[in-house]
Amino acid sequence: MSKRAIITGVTGQDGSYLAELLLSKGYEVVGAVRRASAPNFWRIQHLLDRITIKPADLLDQLSIIRLVEEVRPHELYNLAAMSFVPASWDQPMLTGEFNAQGVTRVLEAIRHVDPSIRLYQASSSEMFGKVRQVPQNELTPFYPRSPYGVSKVFAHYITVNYRESYDLFAVSGMLFNHESPRRGLEFVTRKVTEGVARIKLGRADKLSLGNLDASRDWGFAGDYVKAMWLMLQQDRPDDYVIATGISHSVRDLVQVAFGHAGLDWQKYIKTDSTLIRPAEVEHLIGDSSKARSELGWGPSVDFPGLIRMMVDADLERVAAAPQSADRLSTL
Ligand code: NAP
Ligand code: F7E
């Protein structure tokens, strides 16, 4: 009998890669989507004949209970969230409703409908924030630096608490930044690789960025969804850091991306103080030795390979798009 899984956030970057992975393993995949006036299916268009789409919103408890009751999944991957850090200062209350209480609603639905359902919760390296230890592992204390980071700390602890209170198989993956050609355009890697493509093809002549000194441990999203699945296949639930163990600055990112297209980045990059965050996470680097030894997980794509992959994909996409096309509608 094939396993059934629900993915919330299936229209997002990770949801699309995870749906592909679960389909390749023979799962029945149900993607939960919130109602929108126009569907946002560009990342999962190629999967729509193989997955089932059902409505549910993290703001609506009944919609989640109904979803879980109808599908009766073996596994639920809760990837839905407001995931763009700067937006969390603009809408801190909504961020908390989605990212913190939204997780409590998912846990409550599982607890009431079927406590044997295994839950993956998408925790984040943003919880480490102003880091207390280098590199960061599962025991590093949290010090979030944004409403987003704070909301993810709540989500993390409510997941641990429901595991301990109700004996749920609920795990939390503390994933460091992971990117791909499907990354949203507002995140710095994709902003840079798409900017490089537009400059190279004569569609733009500059790119504005904020803090070039910030550094992140960037990996490939396709590798990271494998870790999510592995966490739910273990004998007992536990939390894991997923990271490459190598950190690069935004300046390094710019150099690799522009260099790959044969461009001198110093001619095109402008810094814009409005893109500096009210509180910054300066430096993140993860220690994923626990995941490597217990899950047998490891990354397959290194940083230059990831950025080259993204630049190549954007060059192809921008070249194929009409000059007049709106950027988002051509994705
Ligand atoms: P993403 O591309 O921004 O996707 C977020 C998804 O959440 C989208 O499908 C979005 O749906 C959905 N969503 C937002 N609010 C919702 C609501 N109220 N009800 C139902 N669905 C809602 O994010 P991602 O990069 O794939 O990340 C997946 C998860 O991992 C997120 O929880 C994120 O915070 C976390 N995370 C990401 C990273 C990373 O580097 N990518 C690292 C650590 C943790 P729409 O299409 O309708 O907007
Ligand atoms: O910023 C700096 C910025 O927005 C990375 C989310 O998936 O990963 C992501 O959060 C760094 C920051 O990602 C620009 O100040 C400079 O230091 O790509 P980002 P993030 O904030 O690290 C974590 C793990 C998540 O959980 C989140 O959901 O780059 N930076 N200039 C810039 N960042 C952006 N976005 N735009 C710039 O122009």
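Please keep in mind that the model is predicted.

**Rings and charges**

Let's start with the aromatic side chains, which form ten pairs in this structure. One of them joins Tyr 17 and Phe 220 in an edge-to-face arrangement, with 5.7 Å from centre to centre and 75 degrees between the planes. Because Tyr 17 belongs to helix H1 (residues 13-24) and Phe 220 to strand S10 (residues 219-220), this pair ties together parts that lie 203 residues apart in sequence. Tyr 17 and Phe 220 are both buried.

Tyr 17 also has a charged neighbour: Arg 182 lies over the face of its ring, at 4.1 Å from the ring centre. Elsewhere, ring pairs link Phe 128, Phe 142, Tyr 157 and Phe 176 into a cluster.

| Residue and atom type | Ligand atom | Distance |
|---|---|---|
| Asn 40, polar side-chain atom | ligand 1, oxygen | 2.8 Å |
| Asp 57, polar side-chain atom | ligand 1, nitrogen | 2.9 Å |
| Lys 152, polar side-chain atom | ligand 1, oxygen | 2.9 Å |
| Asn 177, polar side-chain atom | ligand 2, oxygen | 2.8 Å |
| Glu 186, polar backbone atom | ligand 2, nitrogen | 2.9 Å |
| Arg 277, side-chain N or O atom | ligand 2, oxygen | 2.6 Å |

**Around ligand 1**

On its own, ligand 1 has 900 Å² of accessible area, and the protein covers 89% of it. Helix H1, strand S5 (118-124) and helix H5 (147-166) are the elements that give two or more residues to its shell. Strand S5 gives the most, with three residues. There are 25 residues around ligand 1, and Thr 11, Arg 34, Asn 40, Ser 83 and Tyr 148 come nearest. By type, the shell splits into ten nonpolar, ten polar and five charged residues.

**Around ligand 2**

For ligand 2, the protein covers 95% of the 700 Å² of accessible area that the ligand has on its own. The elements giving two or more residues to this shell are helix H6 (188-200) and strand S8 (207-209). Ligand 2 is surrounded by 24 residues, with Ser 83, Ser 124, Tyr 148, Arg 277 and Glu 280 the closest. This shell is made up of ten nonpolar, seven polar and seven charged residues.

Technical notes: Residues numbered from 1 in each chain as written. Chains lettered and ligands numbered in written order. Predicted model: local features only at pLDDT ≥ 70, side-chain atom pairs only at ≥ 80, totals over all residues. Heavy atoms only, no water. Phe/Tyr/Trp six-rings, centres within 6.5 Å; stacked < 30°, edge-to-face > 60°. Helix = DSSP H or I, 4+ residues; strand = E, 2+ residues; numbered from the N terminus. Buried < 20%, exposed > 50% of the residue type's maximum accessible area, 1.4 Å probe, protein only. Lys NZ or Arg CZ within 6 Å of the ring centre and 35° of its normal. Near = heavy atom within 4 Å. Polar contact = N/O pair within 3.5 Å; in protein donor to acceptor, adjacent residues only side chain to side chain. Areas by Shrake-Rupley, 256 points an atom, 1.4 Å probe, with all protein chains shown as cover. Nonpolar A, V, L, I, M, F, W, Y, C, P; charged D, E, K, R; others polar.
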